[in-house]
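Hi,

Here is the structure I promised to pass along. Have a look at it first, and then read on for what turned up.

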Amino acid sequence: MAEVRFEKVGKRYGTVDAVRDFTLEIVDGEFMVLVGPSGSGKTTALRMLAGLEAITSGSIFIGDREVNQVAPRERDIAMVFQDYALYPQMTVFDNLAFGLRRRKVPSADIKRRVEEAARVLDLGALLQRRPGQLSGGQAQRVALGRALVREPQVFLMDEPLSNLDAKLRTQTRGEIRRLQLQVRTTTVYVTHDQVEAMTMGDRIAVMNDGVLEQVGTPEELYERPANRFVAGFIGSPAMSFFTGEEVGLTLPRNGAVVGVRPEHVRPWREGLIGPLRGRVAFVEALGRETFVGVDVGEARLVVFEEGRAAHDVGDEIEFGLVESGLRYFSAESGAAL
Amino acid sequence: MAVAAAPLEAAGAASRDGSPGERPPGEPRLVGYLYLLPAFAVFAGFVLYPLYRAAYISLWDWDGLTAGTWAGLDNYAEVFTDEALRSAFVHALILLLFYAVLPLLIGLLLAGVMARARVRGLALFRAILFLPQVIAMVVVALMWKMIYQPGEDGALNRILGWFGIEGRSWLGDFNLALPSVGLVGTYVYFGLAMVLLTAGVQKIPTSLYDAARVDGAGPFREFLAVTLPGLRGEIAVALTLTTIYALRNFDLVYITTHGGPGNATTVPAFQVFSRAFESGQVGSAAAVGITLTLIIFVISLGINRLAERSA
Amino acid sequence: MTSRAEQSLGYVILGLFSLIALLPIVGILFTALQEPGGLAAFGTFDGLHFENFKTAWEEGNFGSYLKSSVIVSVSVVAVAVLLSIMAGYAFGLMRFRGSTVLFYLFLLGLMVPTEAIIVPLYYDLRELKLTNTYWALILPQIATSVAFGTYWMRTYFRTVPRSLVEAARLDGASSWFTLWRVLLPLARPAVLTMTVLLFMWTWNEFLLALVMVSDEGLRTAPLGLSFFQGRNTSELSLMAAASVIVALPVVIVYVFLQRHFIRGMLAGAVKG
């Protein structure tokens, strides 16, 4: 186990900067999630850490060793690929043992480590099967096992859950997290799914367009987003953005963009800012709660109501804002105010 | 991944040749040359170097034994001036009809008919239709030499005899020899065209045919409007392959007619051989070989360019 | 025309042309089985006489011709397959300076006919005293085979998911190990197709043998057949038997592996 450090790391392809000035410190034993939309540079950053992409500028440190020129196999890392990349003609056992055999680990040790990993991941019955005979979930676990067995300093995971169906994804999410807490290996985990990030990460690094927008605990990102992008990216349903002018309210920090999460936009009652009136644009009834999209002037806000709400599209609705839930962002830079 | 993947792809392609500083550590770099070396060495030594040598030899007037004299481009000019060479290239063009066009027509006929049907047992037909291509051309040539045998013994003459048609000396007749040889080419390659085009036509969505039907198109119109355009790729492949085979038909000519009678069936491939090893005109032979290569290049590129553009 | 009628017509056409394709072949088989020395011509049937094959083998020396063909074909194919896999691997999965240019050179080689290089090959090899040896047949054919094989294997290797190669690299496998132990087991069908095609082209090669070989002991089967027919123009049954012997090995392989042959030939193979 070791800490991982990115210092002003950049990656340039021709004239395009996939990653720019990326600086991040990952603490020993931490589960760090890199999250962002497609093209944000998160996978590129991970691949540079793995040694699968050359680093254009800056340095990456694993432990206290600079690894820019170090080959992947010397970095003492293990990676779980998005498509699992299992060796198709080998048994599960051989897949798990592959990396160890390449490193000349004695076969008794190999056997022990493989069987241990198989036990932890419930792969015992599958050891003699070929990847072609495995289900998606089983293949995913073998991919995890292959990394586990190596006992590396750092785990790298590149969207390992995206090929699983929703139910399996939720289940496996928890399993990966539990596993990591058990072995306490530093883990860098890439995903585009912010729910995954929020539920799994010790800390989350939000990336956008090659740049690190904010890094912090899930709570920090949720409650104190550093800019408009992070505010809108984290949390589901997303934050609503509007200006005081658009909805006809006078709010502090004139001219700033206001962000507010649905749970801070409620049907009108005393103590809220407002009342605001608007027309219902959509209704998302989820049983225990309902999200109602409301058009107010030129803005659209999402209102949170408990239980079932009796609204139809086109209805007029009256609602208010919880003051403590308001976040202000600069209209020009998007930075939090 | 669409938006950023595009510039990544393009830029990745730009650095594909491996400029320094772009290589991840541990990725095979110089070792690539090592893997390549044995294959390239043999290839360079026994294809590239001889090609260069052929170009060199073609500029000389040489009999293969004594010293040669410089000829410049004379040997190439001969392609147009020499009777035998001119005939050879003309014959090659004619043979194209038999090797490429005829099989293509047969293939198109089948494709047109099978456009909407799903053929079962195509595997068996395919295996049979491809068989002629698998047999050594020397053997095919011999087979047909026996079929074409003059007099009453030749199989073809015998069959024609049943219909009261007089038998001929197919390979010995000045006018019949070339078509007779050509038909052998048709025999070998019609299977290729048939299979290629039938496979291609089954990939054309039936909805296109339905739309044409609804628009009131008759079968011929359908063929022109839907089948033919849809088969563009396969036609290109079929034409490229058969054209090249048509130009490289040494074996067939050597065994059946040796270029004769006279020069009636001489072809460029045969001219290369006879000039280099029978009549001591090595420089000329080399020139013919190079010309043949250039023609093959041009035709291959041309057909594929045409196919791409109209796609 | 209804779909049904179209289908029937299609089968008729397929059947008709299949028959046409088979007829000469069946004819030559029958001729080969005719009474030796008989006057019956191509395509007549008068009982099964297998002696023709024995005669062709012994008197016609086809045992020796086949041996030469086997030596040449096996050598060429074995070496060419090995070299093509390695070169295709380099072109398909590695990035290095000049790889595009070098690959285009191979593509160029694919379009160069034997007829173009036979002349310099002969005279240059004669200088080296290598004509009339197996080397003169093996080396040039390895070269032309490698042009096709490299193109073929590169096409295959480019379909391999990059993540598989990266996983192996991360696991510490060398490029050599990755090629032979990780990728090749997957590549079996592609390699098999390449092997049967190269075998067919090498076995059937005539011009090269005709030019290079003068010793009867070195004659390959197609060349032997050409000489044989020159001596036996009247003995049709014998000639037919010899023809069958020459064509048989490839046809047998074809019968068992047609899928591979056909797939390879349809993939726009530009050689042979």
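**Strands in chain A**

S11(A) and strand S12 (residues 257-260) of chain A pair in the antiparallel sense, with 4 bridges between them. One of the facing pairs is Thr243(A) with Val257(A), the latter sitting in S12(A). Before going further, keep in mind that this is a predicted model.

That pair belongs to an open sheet of 3 strands in chain A, ordered S11-S12-S18 and paired antiparallel. Strand S11 (240-243) and strand S18 (327-329) are at the edges with a single partner strand each, so each has one side left without a neighbour in the sheet. From one strand to the next, the twist averages 30°.

Chain A also has an open sheet of 5 strands, again with antiparallel pairing, in the order S13-S17-S14-S15-S16. Which strands sit at its edges? They are strand S13 (265-267) and strand S16 (299-306) of chain A, each of which pairs on one side only. Neighbouring strands here are turned against each other by 50° on average, if you ignore direction. Inside this sheet, strand S14 (residues 273-285) and strand S15 (residues 289-296) of chain A run antiparallel and share 6 bridges.

Now for the start of the chain. Strand S1 (residues 4-13) of chain A is joined by 7 bridges to strand S2 (residues 16-26) of chain A, and the two run antiparallel. They make a hairpin with 2 residues between the strands, and Gly14(A) in that turn has a positive phi of about 60°. S1(A) has another antiparallel partner in strand S4 (residues 57-62) of chain A, with 5 bridges joining them. There, Val4(A) has Ile62(A) in S4(A) as its bridge partner. As a reminder for viewing any of these, side chains in a regular strand alternate between the two faces of the sheet.

**Chain B**

Chain B is another story: it has 14 helices and 2 strands. Its radius of gyration is 25 Å, well over the 19 Å that the globule rule gives for 311 residues, so chain B is more spread out than a compact globule. The C-alpha trace spans about 75 × 65 × 35 Å along its principal axes. Even so, buried residues account for 49% of the 311 residues in chain B. If we take the contacts in chain B between residues at least 6 apart in sequence, 70% of them join residues at least 24 apart.

One residue I'd pick out is Glu27(B), in the loop between helix H1 (2-14) and helix H2 (31-57) of chain B. Is Glu27(B) buried or exposed? It is buried, because 24 other C-beta atoms lie within 10 Å, and the cut-off for buried is 20 or more. For a sense of scale, Glu27(B) and Arg221(B) are 194 residues apart in sequence and 56 Å apart in space, C-alpha to C-alpha.

**Where chains B and C meet**

How many residues of chain C are in contact with chain B? The count is 83 residues of chain C, against 85 residues of chain B. On the chain C side, helix H1 (residues 3-32) of chain C gives the most, with 16 residues. By type, that side of chain C divides into 56 nonpolar, 21 polar and 6 charged residues.

Cheers

Technical notes:
Residues are numbered from 1 along each chain as its sequence is written. Chains are lettered from A and ligands numbered from 1 in the order in which they are written. This is a predicted model: local features need pLDDT of at least 70, side-chain atom pairs count only at pLDDT 80 or more; totals for chains, interfaces and linings use all residues. Two strands pair if DSSP finds at least two bridges between them. Axes are lines fitted to C-alpha atoms, for helices over the stretch in contact, and angles run from 0 to 180 degrees between N-to-C directions. Two residues are in contact if their C-beta atoms, placed from the backbone, lie within 7 Å. Ala, Val, Leu, Ile, Met, Phe, Trp, Tyr, Cys and Pro count as nonpolar, Asp, Glu, Lys and Arg as charged, and the others, Gly among them, as polar. The radius of gyration is taken over C-alpha atoms; the globule rule is 2.2 Å times the number of residues to the power 0.38. A residue is buried if 20 or more other C-beta atoms lie within 10 Å of its own, exposed if 12 or fewer, and partly exposed in between; C-beta atoms are placed from the backbone.
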